[in-house]
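User: Can you walk me through this structure? I'd like to go over charge pairs, helix packing and the surface.
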Amino acid sequence: MQIIKQRQEPSRRFSLKMKWAIGTASGVLVIFGIFSILLFQSFSNLLLRQEQQYAQDALTVTSNKLGNLDKLNKKTVQPLLSSSVDSVAQQRNPTGSLYSDDVFVTLSRKNIGVSVYNTAKRKIFASRAVPVKFSNKSVIDTSFISKQSVDVYVKRKPIFSKKNHHLLGYIQVTNRLVDYDATRSKLLLIFIIFGMTAALASALLSYFLASWLLQPINSINKTIQQINSDQEQDDPIANVRVPEASHNDELTELSQLFNDMLDRMERYIEQQQQFVEDVSHELRTPVAIIQGHLELLNRWGKDDPAVLAESIAASLQEINRMKSLVQEMLDLSRAEQVEINFGNQISDAREITLQVFNNFKMIHPEFVFVLDNDLKQKTPIRVYRNHLEQVLIILMDNAVKYSKDRLEIHLSVSKNDRYAEIAVQDFGEGIAQKDIDRVFNRFYRVDKARSRDKGGNGLGLSIAKRLIEGYHGQLTLESVVGQGSIFRIFIPLVPAESTVPIDKTSNK
């Protein structure tokens with residue numbers, strides 16, 4: 001028990017519910033992270049293009065305004081580009097054009113700085129403090145420069161006169177991307193908060209959902225623990241079942257299958273207990289008989305030739321009965337494992353039926369055997385050849401043993417869409433309705449005295465039924481007392497597209 005606990009402890013450190021919750025949260029976080037990155041990048045690009053457009057508008061408006069001048073100096077530039085509202089109003093043209101208002105709007109942006117330089121590249125006007133010095137290397141340039149931990153977008157352009165197209169000077173527009181960086185930071189914080197919230201919410205939701213969905217698993221676990229705790233009982237799984245769930249899903253089906261497995265195990269345990277009791281009872285009688293004869297011989301019978309011969313004959317007879325019983329027990333044990341060892345074997349139902357029919361017709365000439373064969377060609381069925389022969393021999397042998405006045409046995413073979421059907425009919429003693437369901441039980445005999453005289457141990461029909469059921473077939477019985485019995489075998493047919501060769505060997 002200590003070993004079992006040690007194996008269970010590691011699995012409890014990290015439960016399936018926790019794995020489910022963490023996995024779901026991780027998946028949501030990854031998906032949300034990818035989506036956030038794409039969305040964040042799109043918004044960032046949109047904001048950056050907007051800031052670039054502000055700088056481009058300032059450059060265009062200022063260039064167009066100064067292009068009307070003949071010369072750039074402080075006296076000519078200052079009145080046009082003054083950021084004072086009053087100055088703009090005074091410079092408004094008589095027609096009421098809003099061009100000067102455009103200059104005011106452009107220059108009034110808090111992060112936009114416009115500076116004008118003459119042909120000697122000396123500053124003659126600046127709307128506000130210029131964060132970036134004018135470059136002597138390039139007069140047409142667009143760049144990003146970092147100043148005092150702030151990104152600055154810079155655009156430069158020469159100014160030409162609209163009249164004679166000669167060079168008047170240069171314009172430099174700077175846009176401090178403070179709002180852009182602040183907006184990106186806020187957006188990033190929002191995505192992080194939403195991502196963590198979504199991950200936490202999905203983790204909690206998946207945890208509670210897993211707890212609800214895994215209730216059948218917990219019930220199965222508790223049932224197994226209860227069975228393990230009742231190992232001292234003769235039947236620890238008796239009356240221990242998984243409670244029925246109402247989810248109506250795969251786990252509910254698993255619980256039902258687990259209960260069905262427990263039902264089968266309980267039947268197996270009961271059969272095993274009954275099997276041990278029956279074997280003990282069956283072996284007790286021949287052992288007692290042999291012991292009685294040996295004690296008789298040991299006392300005085302060994303000096304009497306008649307008693308000696310009778311005791312030896314009786315002992316040998318009981319030994320043969322025990323030998324037959326042990327062999328049938330081995331056959332029964334193998335019959336319960338046919339699906340594992342012989343599940344893929346294929347045989348011809350028509351050929352095997354004809355072979356068994358001819359064999360019994362030869363060894364029992366006193367009987368009339370009638371064959372009704374509806375199979376005109378090979379009929380492959382999923383069964384091991386020797387096992388089907390063994391079942392037919394058991395049924396035919398019983399038909400011979402329990403036939404009374406009418407020594408006639410009918411054997412028929414046919415098929416339908418799914419099964420090959422083989423029927424064995426006799427006209428003997430018959431079986432009462434109350435005994436029909438029990439004749440397939442181990443060691444069960446309708447008439448024990450008569451069965452013992454005929455050499456039966458009560459295992460033949462049990463072996464036959466388990467062999468047939470091992471191949472997913474059926475063995476049924478119809479009987480009327482005084483009129484006889486009909487045993488019917490149903491074996492699944494092999495689909496027509498199967499190319500597995502038919503086994504023609506026999507290992508007898």
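User: Let's start with D70 and K163. Are both buried or exposed?
Analyst: D70 and K163 are both exposed. Keep in mind that this is a predicted model.

User: What do the side chains of D70 and K163 form?
Analyst: They meet in a salt bridge, at 3.6 Å from N to O. Side chains of opposite charge can pair when their charged atoms come close.

User: Where in the chain do those two sit?
Analyst: D70 is in the loop between α2 (16–66) and α3 (74–81). K163 is in the loop between β4 (150–160) and β5 (167–176). The two are 93 residues apart, so the pair links distant parts of the chain.

User: How many salt bridges does the structure hold?
Analyst: Nine. One of them joins K401 and D397, with the closest N and O atoms 3.2 Å apart.

User: And where do K401 and D397 lie?
Analyst: Both are in helix α12. They are four residues apart, which is about one turn of the helix.

User: Why does K401 count as partly exposed?
Analyst: Because its relative accessibility is 25%, and partly exposed runs between under 20% for buried and over 50% for exposed. D397 is partly exposed too, at 27%.

User: What about R406 and E408? Which of their atoms meet, and how far apart?
Analyst: Their side chains meet in a salt bridge, 3.1 Å from N to O. R406 counts as partly exposed, at 41% relative accessibility. E408 counts as buried, because its value is 17% and the cut-off for buried is under 20%. Elsewhere, salt bridges that share partners join E351, R385 and E389 into one network.

User: Now helices. How do α12 and α15 cross?
Analyst: Helix α12 (residues 385–401) and helix α15 (residues 460–470) have axes that come within 9 Å. The axes cross at roughly 145 degrees. The crossing is left-handed.

User: Which residues make that contact?
Analyst: From α12, they are H387, Q390, V391, I394, L395 and N398. From α15, they are G460, L461, I463, A464, L467 and I468.

User: Last topic, the surface. Which residues make the nonpolar patch?
Analyst: L29, L188, I192 and M196 make a patch of about 360 Å². Helix α6 (residues 178–213) gives the largest share, three residues.

User: Where does I192 lie, and is it buried or partly exposed?
Analyst: I192 lies in helix α6. I192 is partly exposed, with a relative accessible area of 46%. Patch residues need over 30%, so I192 clears that cut-off.

Definitions and conventions:
Residues numbered from 1 in each chain as written. Predicted model: local features only at pLDDT ≥ 70, side-chain atom pairs only at ≥ 80, totals over all residues. Heavy atoms only, no water. Patch = residues over 30% accessible without salt bridge, like charges linked within 9 Å, V, L, I, M, F, W, Y side chains within 5 Å. Areas by Shrake-Rupley, 256 points an atom, 1.4 Å probe, with all protein chains shown as cover. Salt bridge = Lys/Arg side-chain N within 4 Å of Asp/Glu carboxyl O. Buried < 20%, exposed > 50% of the residue type's maximum accessible area, 1.4 Å probe, protein only. Axes fitted to C-alpha atoms, helices over the stretch in contact; angles between N-to-C directions. Left-handed = near helix turned anticlockwise from the far one by under 90°. Contact = heavy atoms within 4.5 Å.
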